[in-house]
Amino acid sequence: MSASLDSVTGLPAWKALWTHHGTSSGQHLRQLFAADPGRGERMALERVGIYLDYSKNRVTDETLRLLVQLATASGLRERIDAMFRGEKINVSEQRAVLHVALRAPADASILVDGENVVPQVHAVLERMAAFANRVRGGKWHGHTGKPIRNVINIGIGGSDLGPVMAYEALRHYSARALTFRFVSNVDGTDISEATRDLDPAETLFIVASKTFTTLETMTNAHSARAWLLAGLGGDSAAIAKHFVAVSTNAGKVHEFGIDPANMFGFWDWVGGRYSMCSAVGLSTMIAIGPESFREMLAGFHAMDEHFRTAPFAENLPVLMGLLALWYNNFFGAQTVAVLPYEQYLKRFPAYLQQLTMESNGKHVTLEGQPLLCDTGAIYWGEPGTNGQHSFYQLIHQGTRLIPCDFIAFGQPLDARTVHHDLLLANVFAQGEALAFGKSADEVRADGSPAWLVPHRTFDGNRPSNTLLLERLTPAALGKLVALYEHSVFTQAAIWHIDAFDQWGVELGKVLAQRIVPELSAAEPPLAHDSSTNSLIRRYRKLRGGP
């Protein structure tokens, strides 16, 4: 594809969509359903255990045809194939992008620089499984001989968001005799609260940092180390029994006091936000067990294969990516609400924030040229039904268009069926209300006085997808995460951006390192802007300094 400035918006397929948008965007979902009574059954797709109802989107058959045409013209198929071949599609870092290898079966072959990496992946998984079984079975003893009862994962970004999301999502399947906590924030209250009521003799820390130099992670790790030693008499030999590492820096791991035999590695072709299937998922495996962890990997792989092989018009991640792009670029929608009607998925929207916004928050093309269109939308959300009593008001009657993804399950994990029926009634009702609203005539017919009619009118025409699965299992979680991963990929391919670097997080980290010594020194010369200089001086005074 051309690297010129108009390589995205200049495509004939993009221009055709703009023309189509101009003639079709005024159609209301009420009209579309009235003209096509079978639309709800026809505009639905069931693949790999996920039923996607996309009929409540502001699209026609022609819209979908043109969106698929855009995907083809943008080289999406070639990008998918390149990723699965192990090509270095992360162009700014010259790396392969192979999170799909983390969940490939043992007999698969995926090459990076001519080497099949799948055997390496499974070797690490086997080591993880052996370790997890020892902890779960009470055979891993701490320094004093007590078995481990508490596991604290220390990481940040993908080394935290994936593990904590997966633990919360799959808590139903977790070992309830063990306590799991997660520390990411460099705010000292995070590590303090995580350790406050625990016995050091029964506590294991998993420190997840590829380089073992991440500022926030290592600050928390050293505080955890100090807490442990204070509770165990100061014997540094205790570290090897209470800390393991997810890292590639054996030297730093050994220097910390961790036995390198208890270091679980991963590879530079695994991005942090795509790493929950790697050794970063060690806490997940300890929580749910190796068998359930492998079921989750199988769910990921099923969606990977569907994405790799299915025609675009019948491809769940491609369809969701195209619909998200349709609202972002042609309707000016700036956000997407992800609304799981499942309390166990309470951290899923937070997980998706990193996945989507760190991946597609880019302003230049693969060649470094400025983009002439908007990229990544802001993803956010909370579980239903809680959100219905807070922010849904804005979605229903606000002035902004906010596409929604509803996620629900047919079978509850809790035996209270009446609760689940009420939960599902709400998710179906919300999709219906958003799509069709309530006209002024309908409000009047209910007997509302004239002055109140505008306040009680719902315009409707608010788009949504509904994802319905049988049950929240480890495999189902894997499918859902992979679905959104590949939806992100689809959008990035069309925007012609690198979804796998994250240079935007670097500048603030560099400046923070520079500022740290300036906060406690008496009066070093400050060379920042006047605002930052003033804030540093004010902070010194608040700390009781000069």
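In which strand is asparagine 150 found? Asparagine 150 belongs to strand β5, which covers residues 150-154, where helices (H or I, at least four residues) and strands (E, at least two) are DSSP runs numbered from the N terminus. The model shown in these views is predicted, so that local features need pLDDT of at least 70 and side-chain atom pairs count only at pLDDT 80 or more, whereas totals for chains, interfaces and linings use all residues. Residues are numbered from 1 along each chain as its sequence is written, and side-chain values use heavy atoms, with hydrogens and water left out.

**View 1. Asparagine 150 and the residues that it touches.** Asparagine 150 is buried, with a relative accessible area of 7%; buried means under 20% relative accessible area, exposed means over 50%, and partly exposed lies in between, for a 1.4 Å probe and protein chains only. Leaving aside residues up to four places away in sequence, asparagine 150 touches Thr179, Leu198, Asp199, Glu202, Thr203 and Leu204, contact being heavy atoms within 4.5 Å. The side chains of asparagine 150 and threonine 203 are joined by a polar contact of 3.2 Å, that is, a pair of N or O atoms within 3.5 Å, of which, within protein, one must be able to donate a hydrogen and the other to accept it, and for which residues adjacent in sequence count only if both atoms are side-chain atoms.

**View 2. Crossing of helices α14 and α20.** The axes of α14 (residues 316-330) and α20 (residues 474-495) come within 8 Å and cross at roughly 55 degrees; axes are lines fitted to C-alpha atoms, for helices over the stretch in contact, and angles run from 0 to 180 degrees between N-to-C directions. The two helices α14 and α20 are therefore oblique to each other, given that angles under 35 degrees count as roughly parallel, over 145 as roughly antiparallel, 65 to 115 as roughly perpendicular and the rest as oblique. The residues of the contact of α14 with α20 comprise 11 nonpolar, seven polar and no charged, where Ala, Val, Leu, Ile, Met, Phe, Trp, Tyr, Cys and Pro count as nonpolar, Asp, Glu, Lys and Arg as charged, and the others, Gly among them, as polar.

**View 3. Packing of helix α5 against α20.** Helix α5 (residues 76-84) packs with α20 at an angle of about 125 degrees, and their axes are 9 Å apart; α5 and α20 are therefore oblique to each other. Leu76, Arg79, Ile80 and Met83 of α5 make the contact with His486, Phe489, Thr490 and Ala493 of α20, a set that divides by class into five nonpolar, two polar and one charged residues.

**View 4. Backbone at phenylalanine 212 and histidine 496.** Phenylalanine 212, placed in the loop between β7 (203-208) and α9 (215-231), has a phi near 60 degrees, a positive value in a residue other than glycine, and is buried at a relative accessible area of 4%. Histidine 496, in the loop between α20 and α21 (506-520), has a positive phi of about 65 degrees although it is not a glycine, and at 9% relative accessibility histidine 496 counts as buried.

**View 5. The loop between β11 and α16.** Threonine 385, in the loop between β11 (378-380) and α16 (392-397), is joined to glycine 384 by a cis peptide bond with omega of about 10 degrees. Serine 390 lies in the loop between β11 and α16 and is partly exposed, with a relative accessible area of 47%.
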